Amino acid sequence: MQLRARERIDHSVKLLVKTTGFLVIAILGGIFFMLLWNTAAFFLKIKPMDFITGTQWNPSGNPATYGILPLLVSTCLVTLGAMVIAIPLGIGTASFLSEYAGKRLKNILKPIIEMLAAVPSVAIGFLGIVILGPGIAQLTGQPNGLNALNGAILLAVMALPTIITVAEDALHGVPHMYKEASYAVGASKWKTLIYVTIPAAAPGILAAVMLGVGRAIGETMTVLMATGNASAFPKGFFNSVRTITATIAIEMGEVPYQTTHYYSLFAIAAVLFLITLAVNLLGEHYVNKFRKYHSA
Amino acid sequence: MNKDDIKLSASSVNLWFGNKQVLKNINVSFPKNQITALIGPSGCGKSTLLRCFNRMHDLSPDARIEGKFLLEQQDLYENDLSVTQVRSRIGMVFQKANPFPKSIYENINYGLKINDVPKEKRQSIIENALKESYIWEEVKDEMQKPATRLSGGQQQRLCIARAVSLRPEVILMDEPCSALDPLSTLKIEELIVKLKKDYTIIIVTHNMQQAQRVADKTVFMYLGEIIEEGDTKTLFSDPKNDLTANYVKGHFG
Amino acid sequence: MIKKLTSVIEWSTLLLSTGIVCLFLIIILWDLISKGAPSLSWEFVSTLPREGMTKGGILPAIIGTVLLTMITALVAVPFGISCAIYLNEYASDNWVTRLIRASIRNLAGVPSIIYGLFGLALFVQGLQMGTSLLSAGFTLGLLSLPYIIITTEEALRRIPASTREAALAVGATQFESIVDVVLPSALPGILTGVVLTLSRAAGETAPILFTGVAFYINNPSGFINQEFMSLPYHLYMLSTQHQAIEEVRPLAYGTALVLIIVVFLLNLTAFYIRYKHSKNE
């Protein structure tokens, strides 16, 4: 091929791939703009204060109420429960993988964790209905066991692979000399782990937790299927709850376009977006901190 | 030196990576059909200077180059001269052998293909290049074998064959033996000396014995500047500069 | 003696948490396989649902999921690889590049239901594509994009600079060095990332809820401008929305098992590519 033609191709390709790079910014911008636009339309009709402090979510009631608090509290409750379960299990497993497991055991355990991560959320939600729900019902004497606890346990299962993988990377990244220094003064493996390795890896572990939180907050299908979706203000883990994600999933299919109700779903989505954004930025901050700390 | 004997030259060259100046006011010329060695402690800018000649810095966005580079009368950084043209006239062999992850045959054929060498001519060119690089006998029966399965020394000779197959005028060699065992090094050095009748060769090396064994001319660099240059024998036996003297005696580096 | 005992207890704590994590996977697989297997039959995967979904098979859902995943791949793979090439091969480190990278990381963290809303606003309504296989595929394509970019860039980053220089030094243009040398070397890594991402997309439900998935269609050979059935949504419907939930439970188990087989097969493919590649190196 002629040199000229080859160089022209080279140049066009460079432009083409550059365009795709910019399109990525456009997609995030588009999502942001869509949420902003529809949320603005919502706030033309409903006062922001009523939205933020309202304790009732009942868009089809008369009068319709659009208080985000019950949804927000539900989301936080389920996520909190998930983390109470997933953080100790995740750090324990990550420590085991990084400090105790031999190479062969690792080669078995890692694919297991990847497999767990691959299970679709709808399948986990299904098991929440058919296994966990009846189990919880039996223990508590409730009719079906579809409540915040159920959702929390399922979300813990879903967040665990993320937490384990990132936390293990962090533990693994702790320089060997720290541990050797600890062994040198006679500390046991366990003491070294608790007093040296985990504190040294703390920013990385925090990042793992943040990514796990982000995963749990944004999850839709499991909570939609397993938490019962009562829109009353949640009182505790044994209550049926309805998260932001589940509310969008349930109601978006049924609302007419461009009604207040329609816009309201974008408004709660915007809140969800901001929360996950904040959580992910925080996670990223800790990842960077961890890297800086140990590359210095 | 007669002007006609100069194959390649650089004048008033300054180079920065970001804010850091790596080359300072370099003026140097390389005689035709001779081997010139660039020596100096690591970080002195010898590889950086070498890579200027085939414009390998074009892709690093933070590199800024000033000065003039001439291949005979041709300005290498002239606006309407394409970088691929420069590179087909000035070949390069790298520090670590970097054959393509393809067959031995394809390793040589690739450069010919993209440089528009007609198909019917390629077979003989490939064979000649491999013979010229003294690797033909070792690979002639397994041309379809992945090049990455060859030994380190064989890979480097294949890379030299890849460079000579394009009939460049100049071959730049960036520490070509630094990753090899003594025996392979010896073979490559013999090969380099044989190649000089057809090519002008510039070799960067940190090995002073190597410079003395192969080079006609030697250039000593330190902290981005050329300290001393001249006939290899003289530079090593009777250096004029104290820095050079200390370096060639092995006092630092 | 006491020291030894405490060390055993300490060690067991970690072992126990690892055991519990493994137990989760075992329970999931055991329950789905033991209760789903009886529903599996050739008829189940090759026929249409009958009698208001209480009998028959799930063929349209399988076809829908396969087509949906293919459209997702067609959108996300070229786009994602191209973007990764830009970032790793061309872009210099300036604020625009950092903005692109920040966008990618944030896109990866956006909840999938928000992608559903975006697909609804952009494809279904904005571009008038309606609720259709195409709208849903595009939506899932956007969702998959950041993962494809991230994994592809990682694969490209592992290719040493000297490989690129080898091609440039014989006179290849930058594009030629990428297509002829860099991409083939990075292919196993890229493929692994693509297959893993697609396996995830195949199991996604939230993004397709409002963009095209349907409870029931009677035409198994779906067209891209029509609504479609999919395995994860079918499972959701059978387990929560059907009027005879207890009666269709075996069908739900069967669907769940087929879904998880599809997803795991894709995962095993990715593992295999990765394993083979690591052995070659």
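Me: Helices here are DSSP runs of H or I with at least four residues, and strands are runs of E with at least two, both numbered from the N terminus. How far apart do the end C-alpha atoms of residues 262–282 of chain A lie?

Reply: This is a predicted model, in which local features need pLDDT of at least 70 and side-chain atom pairs count only at pLDDT 80 or more, while totals for chains, interfaces and linings use all residues. Residues are numbered from 1 along each chain as its sequence is written, and chains are lettered from A and ligands numbered from 1 in the order in which they are written. The span 262–282 of chain A is 100% helix and 0% strand, and its end C-alpha atoms are separated by 31 Å.

Me: Which strands of chain B stand at the edges of the open sheet?

Reply: In chain B, 4 strands form an open sheet with antiparallel pairing, in the order β2-β1-β4-β5, where pairing requires at least two DSSP bridges between two strands. Within this sheet, β1 (residues 6–17) and β4 (residues 63–71) of chain B are joined in the antiparallel sense by 8 bridges, and B:L15 stands opposite B:I65 of β4(B). Each edge strand has a single partner, so one side of each is left without a neighbour in the sheet; these strands are β2 (20–31) and β5 (74–75) of chain B.
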